[in-house]
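I wanted to know where it sits and what surrounds it.

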2 protein chains.
Amino acid sequence: MSHLAAPGHGVTAPVIALEDLLGFCSDALKIVGLSDADALIGAQVLATTDAWGIFTHGSKILDGYLRRLRAGGLKADGRPRVIAEGGAWGLVDGGSALGMVTSVFAMELAIAKARQQGIAYVGVNNSSHFGAAGYYTWLAAREGLIGISMANDHPSVAAPGSRGAITGSNPISYAVPAKRHRPMFLDISIATVAGGKVYAARERGELIPDGWLIDSDGRPTNDATLYPGSSTLTPAAAHKGFGIALLIETLSGVITGAGVTWGIRNWLADDQSIATDHGAAFLAVDCDTISGSGDFTARVDALIDEIHAAPPAVATERLLVPGELEWLRYERAMSEGLSLPPDVMRSLRAAGAFVGLDVDSLFH
Amino acid sequence: MSHLAAPGHGVTAPVIALEDLLGFCSDALKIVGLSDADALIGAQVLATTDAWGIFTHGSKILDGYLRRLRAGGLKADGRPRVIAEGGAWGLVDGGSALGMVTSVFAMELAIAKARQQGIAYVGVNNSSHFGAAGYYTWLAAREGLIGISMANDHPSVAAPGSRGAITGSNPISYAVPAKRHRPMFLDISIATVAGGKVYAARERGELIPDGWLIDSDGRPTNDATLYPGSSTLTPAAAHKGFGIALLIETLSGVITGAGVTWGIRNWLADDQSIATDHGAAFLAVDCDTISGSGDFTARVDALIDEIHAAPPAVATERLLVPGELEWLRYERAMSEGLSLPPDVMRSLRAAGAFVGLDVDSLFH
């Protein structure tokens, strides 16, 4: 590793080329038994997620996948398959394959059906943690369709009036293709903030703002040291986030026959040899066909331009469209490579040690 | 009007039977030119919304519709029509008819197509304010399908970093049918709180909590007296609410060719003789067909039972499922009739005066 000094920025962190990060993830997945094709899919999702700057769901989680693949809770040779379908819908049994493999399969099916029918829904059961929901919606947007994806998870988020967790953090993403601009792109959980923000405050010895956390009696607390053992994350905007969480739970788990709430295992903390039974849902909308006029993406551009031109608040340079920061980071990562946060580096080294690969030599 | 004393509750407000409220709304709509069938649809939406206790979007807004219908900005003889369609999608020109008429038409089309294809999307342009988004999703749930509805609107809600309004309050609703239980049912806007809550605080001379409002510089404010002239509502959960608002804008307005953001007129404040050009979107999902097993609604019941059984926070009796309060109010309204808040009463009297009907004689 060398530490290069960039002009005006002092000593910089070591950098890895995106293709090297992708290669490392892919090699590691192959070592635990994935086919070349499946390993590439998993690696593409993780490296792209890091490129967007969503480090909580990028290569940091490779280590957990490797251990679960080796322990058998994820099947290295698992194959997703369509178990039922109709004109604009499909139901996929994930076969306990890597969640990325099943999710790409499901979104590609949704895209193909939406091209025929205008919109399509593909539900998934017997899957696992699928990483960043946004990767799959981007697949649709790259093909000129609107993509929507979501998944349920082991409960970690409270409901209004609850004492503990009721739903998972139930991620939801959309991507809307534009013409001159990158897609409008959102990838959020239904919690007020991610647990990682609470950990960070705890490490800094700071109180957390109102509204992030409830204690074990269900009372609001500002004490980050209670997390996660004696406190629970709150749902974003209270009943609104909880309500959306239950729609995601319905479309991902209830309708698909996957696990629901506590029926889903914690993919990191629970027995690594037992399938987690996550559900997920993928929707694609053929916006060009439906809009008919052929100017859908130009209309998206106009909306983005309008937001960019809107008067910003004092001390704000300009307004950002959902996904804009992620695309800026992505393009920078493509041209300059990535420097990864310390927690990601630690996890990548652990992953490398687990399969006998050296990650540090890939950083410059 | 008589004021009956209920045991233990002191003097009660006068009550109107739900069917009398429906009849009043229907009669008023017929006087300004709607057909019997269209007037009934409009009245059903308004009366049902009041029965749910969503008084901001119930018969209170009849007066505005009547004036717009008479001025020509809504067409009393307007007819929604399908202008393009495919297997699982349709595009409807609302013909500037009453938003409820077009919305019921569109959701019924979505339901019919979803029964064939599993899921369907129907987009609407040239519509107007459609009242409570939840009425249309309930239509789907009554037929055993999941319903999702949404609409865009004249901007009234800020974005993170904005100085003023960027999107409408862009309502979204879903209804998920259950078996023993009433449907899970959510009907929300993407604003942190409704403007009505700010007005109420202003009337009581109180400061509003952090996070509801920004002033005309885009700074957070607790001063309710600034609303609405010199302040703007915030999006729920900041970038999350704003992000969802833009998905709603896309599915309701961008894809349909309807007005987008400032291209939509304010249905109450702007010239009543000019169409508002709202867009809307309606989705239906045939959950029984997709789930296959025939136990979809039983699985929804199990999820609801699980939430009901979850340990509540201190000082909370039990957890509520989305829509549960609305259904409790609805059943009470069906059996006991409704008492309406003072602002609704004022508006109903104005509506009655406008068309020559007496509403007070219907209260007991």
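**The largest cavity**

I looked up the lining first: 36 residues line the largest cavity, and Ile172(A), Ile244(A), Leu247(A), Ile172(B) and Ile244(B) lie nearest its centre. By cavity I mean a set of points, on a 1 Å grid over the protein atoms alone, where a 1.4 Å probe fits but cannot get out; lining residues have an atom within 4 Å of a point. Next I noted the elements that give two or more residues to this lining: strands S5 (119–127), S6 (146–151) and S14 (278–285) with helix H7 (239–254), in chain A and in chain B. Helices (H or I, at least four residues) and strands (E, at least two) are DSSP runs, numbered from the N terminus.

The model is predicted, with local features needing pLDDT of at least 70 and side-chain atom pairs 80 or more, while totals for chains, interfaces and linings use all residues. Residues are numbered from 1 along each chain as its sequence is written, chains are lettered from A and ligands numbered from 1 in the order written, and side-chain values use heavy atoms, without hydrogens and water.

I put the volume at about 540 Å³ for the largest cavity, taking volume as the space filled by probe spheres set on the points, which are joined across faces, edges and corners. Its lining divides into 30 nonpolar, 4 polar and 2 charged residues (Ala, Val, Leu, Ile, Met, Phe, Trp, Tyr, Cys and Pro are nonpolar, Asp, Glu, Lys and Arg charged, the others, Gly among them, polar).

**The second largest cavity**

My search of the whole structure found 2 cavities of 30 Å³ or more. S9(A) gives the most to its lining, with 3 residues.

Technical notes: On a 1 Å grid over the protein atoms alone, a cavity is a set of points where a 1.4 Å probe fits but cannot get out, and a pocket is an open set with protein on both sides within 12 Å along at least five of seven lines; lining residues have an atom within 4 Å of a point.
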